[in-house]
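I opened a new structure today and kept notes as I went. Here is what I looked up.

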Amino acid sequence: MSIYDTLNDKQKEAVFYKDGPLLILAGAGSGKTRVLTHRIAYLIEEGVNPWNILAITFTNKAAKEMRERVNNLVEYGAESIWVSTFHSMCVRILKRYIDKIGFDNNFTIYDTDDQKTVMKDICKRINVDTKKIKERALLAEISKAKNEMITPEEYEKENASDFGKKKYIEAYREYQKQLKKNNALDFDDLLVKTVELLRSNGDVLVHYQERFKYIMVDEYQDTNTVQFLLIRLLAGNNGNICVVGDDDQSIYGFRGANVTNILDFEKYFPETKVIKLEQNYRSTQMILDAANAVISNNARRKEKSLWTENDEGRKLVFKRLESDWEEAEYISDEISAYIRENDCSYSSIACLYRTNAQSRILEEKFVRDGIPYKIIGGQNFYQRKEIKDLIAYLKAVDNGKDDVAVKRIINVPKRGIGATTINKIDTFAQANNLSFYDTLLNENALAVLGRSASKIQPFVDFIQKLRAQIKYESISDIMEKILNETGYLDELKAEGTDEAKSRIENIDEFFNKIVDYEVRNEKPSLSEFLDEISLIADIDNLEKDSDYVVLMTIHSAKGLEFPKVFLCGMEEGLFPGKAVLYSNSDKELEEERRLCYVAITRAMESMTITCAMRRMSKGEMQYNAMSRFVKEIPGHIMESDIYMGSSSSGRSVSKDSGSSNISGRISKPTNNSSAKAILRTRAFDTKQYTVKKQQVLEYGVGDTVKHTKFGIGQVTNITEGGRDYEVTVEFVTAGTKKMFASFAKLKKV
DNA sequence: CCATCCACGTTTTTT
DNA sequence: ACGTGGATGG
């Protein structure tokens, strides 16, 4: 028996097609990940050195899973395959070679927040009225240019005649200048600079071309122009490049994804072999029919027809509710019923929606009903204020040129350094071409500042001290000093509010993550840690076997599957969104429809679609019609208790069913702010469902234990912290380490 | 320099 | 409804 026996003919064909460009058009649920992993296994079997294989996935989570699955298929070597996202691959390359194009190798990565901070500054400097042109708009335009690999100079040339673009031109130029000065790259730059590097340095290019003899790209329909240029460079002109994608699932047009990449792949690589995977293994016939019906309304697509040997399954269910609250109520009840009837875990269920804002009301209802849930997306853990503060400290220690980081924390906690002082420092920095932090070290500058200089001194001393210490102390030690010696933690503790408590818990969690990183890596470094966390997406934290319902946007759900899917908020103006309706653009409407297609094809067995007749949004009541996408699903495969064609105004139907809302919700605490506060903090605290606290340790002080990385050691101390045990172990080879029990996974020997 | 109060806009989706 | 950010007074 071979590992390939379970593949169908088409899949086998793709797996065994070893050399030359290969385009796999893989419909939803057609087993493309299986094909990719088996193909990697096959390559290795055929004598390809795993070291020569590059696999690019869309998320870190997908990368991790792919590595695990390959690991299960091959005897050895899986660890030396490069499996990563575009962005982390670029970071890895740039950290080694970016000095060749004029940056320091320890550059920092700016997230959207940091970008905004920089842009706000620039707007002030170049006199842009941010009420007329928003930072967001400027950044969006810049991002668009970068995705097309357009430099500030080229952008200027292209738009020289356009008066309206004048400020955009200036902003783009200044923005890049500032980033360079800060030794920072934004997400788009990671890709752009990598292409720049490879184009201008033949030896580096050759190095990577020789290394990556076999390249695979997953979710190819969502790549943008820079990414395409990048893989084309790496693959060389006739390389072994295999891309997998589905044009019907292209949903990232808004961030520059270029569908022509997949539609025209054969043009760029003339000898391309094309294989279509059309058998679906995931969903029931009914679900597939619904998905096919919806997507067939799109004009511009590669023809393909998905089919399945799976059961017909149950009809889809469509339910229209009075309000968003009742929609949440309905979903909550249905979840309980589904769990009862099918005797399955909560993790078989996902609630999908178009916008993150929709999660709120579901969350509120789930908290009340005690349904375990996890929200993916929205604000990422690392974007929380307190976490960003701490990261800024670490960045300040790591890269003194990062003005954004230094400015963020110079007065956090309060040191009596206000806007006036910061402006003075800025002016001096500009005049003397110094970074913000270096200005603080400059004697002349301090002289200019007079009295405030004395307030700055302790801060500078502190950072300088940490910089010296990071060379021989661990990141967690440094973090501990930041928390304690700045008074950051004390300040929060003194506050004592629920919010402060939840912040402290987040800080705790962050500390755990640092320790976890240190335990996982042979030679942990602050820079590497910072890189890693800046590229983490929320979806990467989704654990497979935890028992909770998952709430997320359809975008986040790409690539996932669930036995039971709820698709909610199916209303005109929400999905498809208002912007799309106003723009009147077929192209954008088709992308929304593809999004709907993605949503439906996540479901394996059962699908429930809901919408609300009225819903609160932005503080006012919104009355929405049912989404056109619902109408595109044929009536005979969908249970529904309303006339599909009806356009009745919300009022007429609501009369009698409205009586239920008083008796049904006795404990409704709408005006009770303390009850709300409790909800809020509990909402914040996702840990109650996600962290498994290790109750009893199987070892004690004096025992000999084994750690996967550090080897054998002796336990010298155990202290019980708030949520976990902190264990001190003296390792034979690795020295003494402090670690949290739940992460370290120590085994008694 | 800091705390407080009010006005405003904000949300489409993410690495 | 909510948070941000600007203006004002202490």
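My entries follow, from the sheet to the DNA to a pair of helices.

**Entry 1: the sheet.** I note at the start that this is a predicted model. I looked for the order of the strands in the sheet. Six strands form an open sheet, and I read the order as β3-β2-β6-β7-β1-β8. The pairing is parallel. Which strands sit at the edges? I found β3 (82-85) and β8 (273-277), each of which pairs on one side only. I also looked up the twist, and it averages 15° from one strand to the next.

**Entry 2: β1 and β8.** I followed one pair of strands in detail. Strand β1 covers residues 22-26, and five bridges join it to β8. The two strands run parallel. At Ala26 I looked across to β8 and found Leu277 opposite.

**Entry 3: helices on the sheet.** I then checked two helices against the strands. Helix α4 (residues 86-97) lies across β2 (53-57), β3 and β6 (214-217). I noted its angle to β3 as about 115°. Helix α11 (residues 225-235) also packs on the sheet, where it touches β2, β6 and β7 (240-245). The direction of α11 makes about 160° with that of β6.

**Entry 4: DNA strand B.** How many residues are around DNA strand B? I have 23. Arg354, Gly416, Thr420, Thr421 and Ala537 come nearest. I asked which part of the DNA faces the protein. Sugar and phosphate account for 64% of the atoms of DNA strand B that come within 4 Å of the protein.

- The side chain of His87 has an N or O atom 3.2 Å from a base oxygen of DNA strand B.
- The side chain of Lys134 has an N or O atom 3.2 Å from a phosphate oxygen of DNA strand B.
- Gly416 has a backbone N or O atom 3.1 Å from a phosphate oxygen of DNA strand B.

**Entry 5: α5 and α6.** Last, I looked at how two helices pack. Helix α5 (residues 112-125) meets helix α6 (residues 135-147) at an angle of about 110°, and their axes are 10 Å apart. That angle makes α5 roughly perpendicular to α6. From α5, the contact is made by Gln115, Lys116, Met119, Lys120 and Cys123. From α6, I wrote down Glu135, Arg136, Leu138, Leu139 and Ile142. By class, this contact has five nonpolar, one polar and four charged residues.

Key:
Residues numbered from 1 in each chain as written. Chains lettered and ligands numbered in written order. Predicted model: local features only at pLDDT ≥ 70, side-chain atom pairs only at ≥ 80, totals over all residues. Heavy atoms only, no water. Pairing = 2+ DSSP bridges. Helix = DSSP H or I, 4+ residues; strand = E, 2+ residues; numbered from the N terminus. Axes fitted to C-alpha atoms, helices over the stretch in contact; angles between N-to-C directions. Contact = heavy atoms within 4.5 Å. Near = heavy atom within 4 Å. Polar contact = N/O pair within 3.5 Å; in protein donor to acceptor, adjacent residues only side chain to side chain. Parallel < 35°, antiparallel > 145°, perpendicular 65-115°, else oblique. Nonpolar A, V, L, I, M, F, W, Y, C, P; charged D, E, K, R; others polar.
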